Amino acid sequence: MTIHVQKWEELRPRLERLARQRLGDDDLAREAVQEALVHGWEKQAALRNPAALSGWLARLVLTACSRRLRVRPTEELKESLPLITPGLGAQAERNQREKRLREEVERLPEIEADAIVLHYFHGLSTVELAT
């Protein structure tokens, strides 16, 4: 079974947003997505349900991101987090909540953190996540 290239390219922007959120860097995100798409293309016969393509590719992207995060120094990760600027009121509070949420999600086991990010922040259904 070969899935048409156009479908893969339609998913690319969504996958890049996912990788950018995870890595905090546009270039690293594009690299992770490219790696995941190449790997997915080579292994697409393993995809049992073509309707689950977006969830399957998202999982491959998160795996590629995880590999990159393992080699990035902690300080570089801290620098990639958005800075909270005092005096911005509601926006500063929202940034602070997002930072706390991101920290809590990062404390979860990787598979659980990925499921939360994919479902709540990228809109994947539970069916897509389960496949």
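For the cut-offs, buried means under 20% relative accessible area, exposed means over 50%, and partly exposed is what lies in between, using a 1.4 Å probe and protein chains only.

Before I go on, a word on the model. This is a predicted model, where local features need pLDDT of at least 70 and side-chain atom pairs count only at pLDDT 80 or more, while totals for chains, interfaces and linings use all residues. Residues are numbered from 1 along each chain as its sequence is written, and side-chain values use heavy atoms, with hydrogens and water left out.

Back to Arg 59, then. Its side chain meets that of Asp 114 in a salt bridge, at 2.6 Å from N to O. By salt bridge I mean a side-chain nitrogen of Lys or Arg within 4 Å of a carboxyl oxygen of Asp or Glu. This pair links distant parts of the chain, with Arg 59 in helix α3 and Asp 114 in helix α6, 55 residues apart. Is Asp 114 buried or exposed? Asp 114 is buried, with a relative accessible area of 0%.

Now the overall fold. The protein has seven helices and zero strands, and from the N terminus on its elements run α-α-α-α-α-α-α. Helices here are DSSP runs of H or I with at least four residues, strands are runs of E with at least two, and both are numbered from the N terminus. Of the 131 residues, 33% count as buried.

Let me stay with the charges. Side chains of opposite charge can pair when their charged atoms come close. How many salt bridges does a search of the whole structure find? The search finds 10 salt bridges. One of them joins the side chains of Glu 35 and Arg 67, at 2.1 Å from N to O. Glu 35 lies in helix α2 and Arg 67 in helix α3, so this pair ties together parts that are 32 residues apart in sequence. Glu 35 is partly exposed at 27% relative accessibility, and Arg 67 is partly exposed with a relative accessible area of 38%. The story goes on from there, as Glu 31, Glu 35, Arg 67 and Arg 68 are linked in a network of salt bridges.

The side chains of Glu 16 and Arg 12 meet in a salt bridge at 3.9 Å, N to O. Both residues lie in helix α1, four residues apart, about one turn of the helix. Glu 16 and Arg 12 are both buried.

Next, for those of you who like grids, the cavity. The structure holds one cavity of 30 Å³ or more. On a 1 Å grid over the protein atoms alone, a cavity is a set of points where a 1.4 Å probe fits but cannot get out, and lining residues have an atom within 4 Å of a point. Grid points are joined across faces, edges and corners, and the volume is the space filled by probe spheres set on the points. About 60 Å³ of space lies in the largest cavity. Which elements give two or more residues to its lining? They are α1 (5-23) and α3 (53-71). The largest share, four residues, comes from α1. The lining residues include Leu 11, Arg 14, Ser 54 and His 122. By class, the lining has six nonpolar, two polar and one charged residues. In that scheme Ala, Val, Leu, Ile, Met, Phe, Trp, Tyr, Cys and Pro count as nonpolar, Asp, Glu, Lys and Arg as charged, and the others, Gly among them, as polar.

Some helix contacts deserve a look too. Gly 55 lies in helix α3 and counts as buried at 6% relative accessibility. The C-alpha atoms of Gly 55 and Leu 15 are separated by 9.8 Å, with the two residues 40 apart along the chain. Leu 28, in helix α2 (residues 26-42), counts as buried at 19% relative accessibility. Its C-alpha atom is separated by 8.2 Å from that of Cys 65, 37 residues apart along the chain.

Thr 126 lies in helix α7 (residues 126-130) and is exposed, with a relative accessible area of 55%. Thr 126 and Ala 115 are 8.7 Å apart in space, C-alpha to C-alpha, and 11 residues apart in sequence.

Technical notes. On a 1 Å grid over the protein atoms alone, a cavity is a set of points where a 1.4 Å probe fits but cannot get out, and a pocket is an open set with protein on both sides within 12 Å along at least five of seven lines; lining residues have an atom within 4 Å of a point.
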